[in-house]
Amino acid sequence: MIEILSNIEFRPFLLSFKLALITTIILFIISMPLSWYLSQTKSRVKPILEAITALPLVLPPSVLGFYILYSLSQNSFLGQFFEDYFNIQLVFNFYGLVIASCIYSLPFMVQPLQSGFESLNKNMIEASLISGKSKIQTVLKIAIPNIKPSLLTALIVTFAHTVGEFGVVLMVGGSIPGQTKVASVAIYEFVEIMDYKSAHIYSALMLIISFLVLLSVYIFNQKQKKSFL
């Protein structure tokens with residue numbers, strides 16, 4: 001076992017975890033106000049926003065990856081802007097991976113949070129607002145502490161989903177060792193060169209990590225349900 005682990009190149013895993021951590025933090029900051037708005041609004045634009053948010057769930061990764069690739073390329077306004085003013089090339093770069101991952105994993109953060117906010121007792125929210133607390137104070141002190149299972153699910157599933165990304169990150173980032181070559185891309189390359197031993201080892205590690213992540217979510221949610229009984 002020690003000999004097998006000593007032959008593993010851990011950089012793709014570390015890069016995957018780094019990408020997943022940054023993506024999860026960014027999406028949490030973006031998704032919290034968006035999820036709260038979607039859970040509370042009765043506006044006619046709500047279905048449109050929900051459909052846009054959920055698009056990554058139904059779009060093939062190749063389609064989503066192509067449009068992200070084009071949007072970040074030098075031919076686009078965004079890509080040209082970053083290159084001219086920040087000297088950053090977003091395509092085949094870690095920055096591009098972060099942007100692509102945020103778009104691809106957005107629904108995995110938004111939907112659990114939105115469901116959690118929608119499940120809150122409306123009287124509790126109204127009482128907080130009537131007592132003089134602002135909307136921000138109500139969200140931070142009342143809403144968020146009461147949606148812990150949804151919050152944990154959103155964070156962990158987003159992290160795990162980003163770790164397992166393949167199609168989108170391959171199209172946007174390619175396979176540059178130490179920069180864009182994440183674990184899923186490394187597995188793909190092992191299969192391409194018929195190095196099935198390494199592919200098995202990498203895949204087994206990904207399987208174990210994914211299982212432990214999901215198991216922790218279900219165990220926590222089960223304990224939370226028992227505590228309310």
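Modeller: A definition to start: helices are DSSP runs of H or I, at least four residues, numbered from the N terminus. The model is predicted.

Colleague: Is F81 buried, partly exposed or exposed?
Modeller: F81 sits in α5. Buried needs under 20% relative accessible area, and exposed needs over 50%. F81 has 32% relative accessibility, so its class is partly exposed.

Colleague: How much accessible area does the nonpolar surface patch with F81 have together?
Modeller: The patch is formed by F77, L78, F81, Y85 and F86. Residues three or four places apart in an α-helix point the same way, because there are 3.6 residues a turn. The patch area together is about 590 Å².

Colleague: Is S16 buried or exposed?
Modeller: S16 lies in α2, residues 11–40. It touches V163, V182 and A183, leaving aside residues up to four places away in sequence. Its relative accessibility is 1%, so S16 counts as buried.

Colleague: How far apart are the end C-alpha atoms of residues 151–172?
Modeller: UniProt, in an unreviewed entry, lists this span among its "transmembrane region" features. In the model it is 86% helix and 0% strand. Its end C-alpha atoms are separated by 29 Å.

Notes
Residues are numbered from 1 along each chain as its sequence is written. This is a predicted model: local features need pLDDT of at least 70, side-chain atom pairs count only at pLDDT 80 or more; totals for chains, interfaces and linings use all residues. Side-chain values use heavy atoms; hydrogens and water are left out. Patches are made of residues with over 30% relative accessible area and no salt bridge: like charges are joined within 9 Å, nonpolar side chains (Val, Leu, Ile, Met, Phe, Trp, Tyr) within 5 Å. Accessible areas come from the Shrake-Rupley method with a 1.4 Å probe; for residues, only the protein chains shown count as cover. A salt bridge is a side-chain nitrogen of Lys or Arg within 4 Å of a carboxyl oxygen of Asp or Glu. Helices (H or I, at least four residues) and strands (E, at least two) are DSSP runs, numbered from the N terminus. Buried means under 20% relative accessible area, exposed over 50%, partly exposed in between (1.4 Å probe, protein chains only). Contact means heavy atoms within 4.5 Å. UniProt positions are given in the numbering used here, feature names are shortened, and annotations may be inferred rather than shown by experiment.
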